[in-house]
Amino acid sequence: MNRYPGATGARLPRWLLPDNWPMSGNHPQLATLHFYADGLKFEPDEDAHADYLPLKGALVLPALIEPHAHLDKTFTIQRSPAQQPGLLAAIAAMHQDRVHWNQEDLHQRASQALQWAAESGVGLLRTHVDWFTADAPLAWQVIADLHHPLCRIERVALAPLSFFAHAEDAQHIAAQVAVSGPGALLGGFIHTSNWDAQAFTHLMQAAEQWQLDIDLHIDEELNADAQGMRWLANYLQHHTFSGRITCSHSCALSQQEDALQILDLLAQQRVTLIALPLTNLLLQDAVPGRTPRQRGLTLVKEAQARGIPLLLGADNVQDAFCPFGSYDPLDTLFSGLISLQLDAAFDEASQLICQADAFYHNDLVIFPHADTASWPLRQRQRYRLKQGVRYGDDTNDA
């Protein structure tokens with residue numbers, strides 16, 4: 001296995017480059033990458049380096065990220081399809097499927113998903129795990145035991161908001177998450193159907209006490225009266241929360257007259273938004289026999305304009321929530337490019353599927369025959385370059 005001290009001829013996205021980076025016509029000048037034990041440094045291509053990997057203009061990104069998946073549910077569509085369109089019908093189908101969730105079943109499906117993600121260039125995968133009782137489910141430990149040399153896993157305890165109605169129950173769940181190992185977060189499903197401000201308070205307080213970051217399924221609906229994001233923005237104005245907060249879905253913002261004010265408040269906090277274009281487009285405004293009228297997506301551009309960190313995730317893959325789906329972030333990005341009308345796929349929008357700090361830790365994805373005009377379409381060929389070592393099916397130098 002060859003280990004390269006660096007690489008030449010890397011085409012990096014503009015979002016990763018300093019403002020004074022030289023241009024070659026309308027494109028950034030290619031870069032030379034230097035791999036050091038303490039990180040990566042880069043500069044415009046100038047000098048030859050005989051022992052460096054020649055990339056010859058290949059597109060280069062930091063390792064990709066899957067910020068929102070469901071490894072416990074994945075690949076169950078054949079045995080448990082939803083009986084009608086919409087979110088609540090999918091939830092009902094998954095409740096029925098849980099009779100199959102033994103250790104062998106969970107391990108097989110989750111491992112298959114992890115392998116797909118890693119082969120696609122994912123270096124960090126965050127999965128939500130359903131907590132349908134107050135105690136940690138079997139899937140919580142099965143997924144904790146999964147390992148892949150190129151992909152780290154984070155787990156989110158996804159419990160209905162009603163599970164936090166009593167402070168002692170919220171503490172019980174948070175305590176289990178806190179002692180279950182690294183990469184564990186507290187979550188919650190927050191929806192008009194289970195809205196409870198006191199329970200939300202207990203969730204936040206338990207996370208703070210146990211020093212847990214949180215990742216919320218919040219306002220996954222097209223209801224202008226949804227209270228989750230509005231309540232959270234107000235809560236954070238009056239209470240200190242020392243951890244990081246991720247808000248996944250937040251579709252209701254697209255219907256709320258005070259959405260921009262909510263975003264203004266959240267921009268002052270350590271909040272990241274996750275948009276899930278594939279699943280939200282499929283489940284929101286789903287009425288039998290009628291073409292959907294609304295996109296069902298959160299306010300991505302408005303959040304970006306306010307400096308709110310934002311990522312795109314796959315959400316569900318081949319289950320009742322999304323019979324299609326993919327663990328390749330390029331598929332997620334393409335759906336976002338079209339549905340959100342994003343610009344500059346490689347130079348700008350690629351940031352929405354990248355683990356940005358992976359670049360400086362020598363963890364890269366190389367697209368050897370890609371061009372910025374067609375990317376991310378027709379880009380199945382790629383390989384990983386981590387700590388100067390090359391991984392992937394493409395064994396010929398780019």
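Strand β4 (residues 31-36) is joined to β5 by six bridges, and the two strands run antiparallel; strands here are DSSP runs of E with at least two residues, helices are runs of H or I with at least four residues, and both are numbered from the N terminus. Two strands are taken to pair if DSSP finds at least two bridges between them. Within this pairing, Phe-35 stands opposite Leu-40 in β5. The model is a predicted one, in which local features need pLDDT of at least 70 and side-chain atom pairs count only at pLDDT 80 or more, whereas totals for chains, interfaces and linings use all residues. Residues are numbered from 1 along each chain as its sequence is written, and side-chain values use heavy atoms, with hydrogens and water left out.

The β4-β5 pair belongs to an open sheet of four strands with the order β5-β4-β1-β6 and mixed pairing. Because β5 (39-44) and β6 (53-54) stand at the edges with a single partner strand each, one side of each is left without a neighbour in the sheet. Strand β1 pairs with β4 in the antiparallel sense over three bridges, with Gly-6 opposite His-34 in β4, while two bridges join β1 to β6 in a parallel arrangement, with Thr-8 opposite Pro-54 in β6. Five of the five residues of β1 (residues 6-10) are buried, so this strand is largely enclosed by the rest of the structure; buried denotes a relative accessible area under 20%, exposed one over 50%, and partly exposed the range in between, with a 1.4 Å probe and protein chains only.

Pro-54 and Gln-304 are 250 residues apart in sequence and 35 Å apart in space, C-alpha to C-alpha. Gln-304 lies in helix α9 (residues 300-305) and is partly exposed, with a relative accessible area of 37%.

For the protein chain as a whole, the secondary structure comes to ten helices and 18 strands, and the C-alpha trace spans about 65 × 50 × 45 Å along its principal axes. The radius of gyration of the protein chain is 21 Å, which agrees with the value near 21 Å for a compact globule of 398 residues, the quantity being taken over C-alpha atoms and the globule rule being 2.2 Å times the number of residues to the power 0.38. Buried residues make up 56% of the 398 residues. Of the contacts (heavy atoms within 4.5 Å) with a separation of 6 or more, 76% are accounted for by residues 24 or more positions apart.
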